[in-house]
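Have the sequence and the 3D view handy as you read.

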Amino acid sequence: MNKESKKMKVLIADDSRLVRGIVERAVVSDGFEALPASNGRDAMNILETDYADVRIVLLDWNMPVLNGIDVIRNMRRDDRFKRIPVLMVSTESEESRIQEAVDAGAQGYLTKPFTPDQLKDAIHQVLNKK
């Protein structure tokens, strides 16, 4: 098997095309393959087909159709997805909101705006928690 087929996949769910692009560039430069989703429902659909290869999920809180917290809750109720780590990436910065995400099952939280290096560090912190 070649190295390309063994790339770890990162699911990126954010309704902002700009943010998805920034995050995608950061994770690709860090050696991951990006799976972009524009809302929580798209994220769940990607998990349905690619969950075995998804190494981490990066979730925005505020998205149409299905928000990030609902995605985490759905993931934690499904045996196929409940062990996949989640990093919430959001403008929501109040301590109570961060705690709500952690209580729902997020392993990490990064507030926007962030630098690509801050994002990479947060991803690796979450992955090293496993």
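This is a predicted model: local features need pLDDT of at least 70, side-chain atom pairs count only at pLDDT 80 or more; totals for chains, interfaces and linings use all residues.

Residues are numbered from 1 along each chain as its sequence is written, and side-chain values use heavy atoms, with hydrogens and water left out.

Start with α3, residues 68-77. Its buried residues (under 20% relative accessible area, 1.4 Å probe, protein chains only) are Gly68, Ile69, Val71, Ile72, Met75 and Arg76. They sit on the same side of α3, because they cover an arc of only 160° around the axis (the arc of directions from the helix axis to the C-beta atoms). What covers them includes α2 (40-50), β3 (54-59), β4 (86-90) and α4 (95-104). At the start of α3, a side-chain oxygen of Asn67 comes within 3.0 Å of the backbone nitrogen of Ile69.

Now for the two pairs, with axes fitted to C-alpha atoms over the stretch in contact and angles running from 0 to 180 degrees between N-to-C directions.

| Pair | Axis distance | Angle |
|---|---|---|
| α3 and α4 | within 9 Å | roughly 20° |
| α1 and α5 | 10 Å | about 60° |

In α3, Ile69, Ile72, Arg73 and Arg76 meet Glu100, Ala101 and Ala104 of α4, with contact meaning heavy atoms within 4.5 Å. For α1 and α5, the contact is made by Val23, Ala26, Val27 and Ser29 of α1 and Pro116, Leu119, Lys120 and Ile123 of α5.

Technical notes: Buried means under 20% relative accessible area, exposed over 50%, partly exposed in between (1.4 Å probe, protein chains only). Helices (H or I, at least four residues) and strands (E, at least two) are DSSP runs, numbered from the N terminus. A polar contact is a pair of N or O atoms within 3.5 Å; within protein, one must be able to donate a hydrogen and the other to accept it, and residues adjacent in sequence count only if both atoms are side-chain atoms.
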